[in-house]
Amino acid sequence: MFTRVWKRVPLTTLWLVFYAASPLSGSTAKASEHRIDYSKVTKADIGIVQERAVRYVVIADNPCLTVQSFRLGHPGEYHREKFICSVGGARFDHDFALVDFKALRFQDDRLDVEIEFIPSRRGRKAVRWCSIALQPDSIGDLVCNR
């Protein structure tokens, strides 16, 4: 599993993600404490969005996308944390057989996400571009193009 991470995420990106996460275990963050099992991380990246460091983490056995916002210069204290576990009222763990985060890209004010959805009930596979609005004091919901 760990070799898959190295193939998908550049070494510098992994260093930044681990650096940002390393002090979390002993810090008092404003958001709820959430431990990440880094041996199960399949995709991760960190970017600067509107004077905040923002990272996303995709974990192998978790259908949700974790998005965290950090104050610059304070990598151990995340300001906001959001678990993206649904879209338009449909839950990833209940309403879909598969939700695969294909590509994730930081923009000036959002995180663009290409997602493959396979419904758990009748329906066809769909690949859609979605986005998550990123503001200094908030992380938005997942909104997809039709």
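Modeller: A word on classes before anything else: Ala, Val, Leu, Ile, Met, Phe, Trp, Tyr, Cys and Pro count as nonpolar, Asp, Glu, Lys and Arg as charged, and the others, Gly among them, as polar. Keep in mind that this is a predicted model. With those classes, the second largest pocket is lined by six nonpolar, two polar and four charged residues. Its volume comes to about 170 Å³, and 12 residues line it, with Thr-42, Val-58, Ile-59, Ala-60 and Val-99 closest to the centre. Three strands, β1 (41–49), β2 (52–59) and β7 (96–106), each give at least two residues to that lining, and β7 has the largest share with three.

β7 also takes us into an open sheet of four strands, ordered β7-β8-β9-β10 and paired antiparallel. β7 and β10 (138–144) sit at the edges with a single partner strand each, so one side of each has no neighbour in the sheet. On average, neighbouring strands here are turned by 25 degrees against each other, ignoring direction. At the β10 end, β9 and β10 pair antiparallel over five bridges, and Leu-134 has Ile-139 in β10 as its bridge partner.

Now for the largest pocket, which holds about 260 Å³ of space. β8 (110–119) and β9 (126–135) each supply at least two of its lining residues. The lining includes Phe-96, Phe-117, Arg-124, Arg-128 and Arg-146, and by class it has seven nonpolar, two polar and three charged residues.

Definitions and conventions: Residues are numbered from 1 along each chain as its sequence is written. This is a predicted model: local features need pLDDT of at least 70, side-chain atom pairs count only at pLDDT 80 or more; totals for chains, interfaces and linings use all residues. Side-chain values use heavy atoms; hydrogens and water are left out. On a 1 Å grid over the protein atoms alone, a cavity is a set of points where a 1.4 Å probe fits but cannot get out, and a pocket is an open set with protein on both sides within 12 Å along at least five of seven lines; lining residues have an atom within 4 Å of a point. Grid points are joined across faces, edges and corners, and a volume is the space filled by probe spheres set on the points. Two strands pair if DSSP finds at least two bridges between them. Axes are lines fitted to C-alpha atoms, for helices over the stretch in contact, and angles run from 0 to 180 degrees between N-to-C directions.
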